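Visitor: I am new to this structure and would like to go through it piece by piece. Please show it to me first.

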Amino acid sequence: MATQPQPIDLYLDLLKKTLSFSLWPEPPTPIETFRDSSGLLQRIAVSAISRLLATRRLVLAKERHVDPVEKAEGKIWPGYAHTMIGLKRLDNLQFCIETVLREQIAGDVIETGAWRGGACIFMRAILAAHGITERKVYVADSFAGLPPPAPEMFPADAGDTSHAHRFLSISQESVAENFRNYGLLDDQVVFLEGWFEDTLPTAPMTQLAVIRLDGDMYGSTMVALENLYPKLSPGGFCIVDDYALKGCRQAVTDYRAKHELTSPLIEIDWSGAFWRKESPTA
Ligand SMILES: C[S@@+](CC[C@H](N)C(=O)[O-])C[C@H]1O[C@@H](n2cnc3c(N)ncnc32)[C@H](O)[C@@H]1O
């Protein structure tokens, strides 16, 4: 007889589908959501028309053809999902956190680069589902989008235009509201608001069991690695969402080479990769 799925798995599976908006076809997206991809004049016109329509409780929206497979694989910028990382990377996050819980690897969990907060909400949900009350979820983000490149410090980021994408700028209040809507906002959730270079060096946690890097750029990835990897417990996991992006991959390669990290780097899907920190005796 087939075994019945456990309530924890049913809950977490449902969350993965809701956080990634996989249960529903993509509704038309308000044009303002993707406003930064158009020219200045068009943006001004759209903004004026949107304001006018809003007075009549109407919204200017655009039909988007979204391939459900691409959405499930985290290949699009979603209009409504609370995470853009796709189902395989959510599965990987669950695998890493449940492994450290099962094996009692000490430490909190963190994501650097939260956007609408979906992956962090999922981290909090995994802890809640397993009745874990002593570990915290750190949510590190500027809550104002990506930083302009600093090529004098990080030449690999020269010419990067990610900071211009207002789509990636989500306020802390909005992320907190998303946590609240899932019933998962409490004192186990700690927001680290600001640029990683300002918040991570003095971040209060002493030990981490899972670090999830999702800051896209070389600098954002390197600053997170330099400040967080030394706090990662042996047996803990380092997950890199943007390993497919040249700058991010270079940061990972440079950091691993500098610190002579030889633990195998495993690809999760077309974008993500992770490795497990070796214990000194391994
Ligand atoms: C691709 S989004 C993260 C997606 C998210 N993990 C999810 O589950 O959908 C990248 C995020 O990283 C943040 N970010 C990138 N570099 C940063 C930096 N140096 N300091 C603070 N926030 C940064 C941006 O504000 C943005 O919210």
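Predicted model: local features only at pLDDT ≥ 70, side-chain atom pairs only at ≥ 80, totals over all residues.

Visitor: Is I132 buried, exposed or partly exposed?
Guide: The count for I132 is 15 other C-beta atoms within 10 Å. A buried residue needs 20 or more, and an exposed one has 12 or fewer. I132 falls between these limits and is therefore partly exposed.

Visitor: Which residues is I132 in contact with, leaving aside its neighbours within four places in sequence?
Guide: Contact here asks for C-beta atoms within 7 Å. With the sequence neighbours left aside, the residues that I132 contacts are L101 and L127.

Visitor: How do helix 1 and helix 5 run relative to each other?
Guide: Helix 1 covers residues 7-19 and helix 5 covers residues 118-129, and their axes are 11 Å apart. The angle between them is about 170 degrees. Angles over 145 degrees count as roughly antiparallel. The two helices are therefore roughly antiparallel.

Visitor: How many residues of the contact of helix 1 with helix 5 are nonpolar?
Guide: From helix 1 come I8, Y11, L12, L15, K16 and L19. They meet G118, I121, F122, A125, I126 and A129 of helix 5. In this contact 1 residue is polar and 1 is charged, while the nonpolar ones number 10.

Visitor: Where is P149, and is it buried or exposed?
Guide: P149 lies in the loop between strand 4 and helix 6. Within 10 Å it has 21 other C-beta atoms. The cut-off for a buried residue is 20 or more, so P149 is buried.

Visitor: How far apart in space are P149 and I8?
Guide: In sequence, P149 and I8 are separated by 141 residues. From C-alpha to C-alpha, the distance between P149 and I8 is 42 Å.

Visitor: What is the phi of F143, and what of E260?
Guide: F143 sits in the loop between strand 4 (137-141) and helix 6 (172-181), and E260 in the loop between helix 9 (246-258) and strand 8 (266-267). Most residues other than glycine have a negative phi. F143 has a positive value, near 55 degrees. For E260 the value is also positive, near 50 degrees.

Visitor: Which of these counts as buried and which as exposed, F143 or E260?
Guide: F143 has 21 C-beta neighbours inside 10 Å, whereas E260 has 6 other C-beta atoms within 10 Å. A count of 20 or more makes a residue buried, and 12 or fewer makes it exposed. F143 is therefore buried, and E260 is exposed.

Visitor: Where is I239 found, and which residues does it touch?
Guide: I239 belongs to strand 7, residues 232-240. It is buried, with 23 other C-beta atoms within 10 Å. Not counting residues up to four places away in sequence, I239 touches N92, L93, C96, V210, R212, L213, G272 and F274.

Visitor: Which residues are closest to the ligand?
Guide: The ligand is surrounded by 22 residues. This shell divides into 11 nonpolar, 7 polar and 4 charged residues. The closest are T83, G113, A119, G215 and S220.

Visitor: How far apart do the C-alpha centres of domain 1 and domain 2 lie?
Guide: The protein chain is divided into domain 1 (27-63) and domain 2 (86-276). Between their C-alpha centres the distance is 32 Å.

Key
Residues numbered from 1 in each chain as written. Axes fitted to C-alpha atoms, helices over the stretch in contact; angles between N-to-C directions. Helix = DSSP H or I, 4+ residues; strand = E, 2+ residues; numbered from the N terminus. Parallel < 35°, antiparallel > 145°, perpendicular 65-115°, else oblique. Contact = placed C-beta atoms within 7 Å. Nonpolar A, V, L, I, M, F, W, Y, C, P; charged D, E, K, R; others polar. Near = placed C-beta within 6 Å. Domains from an automatic or database assignment.
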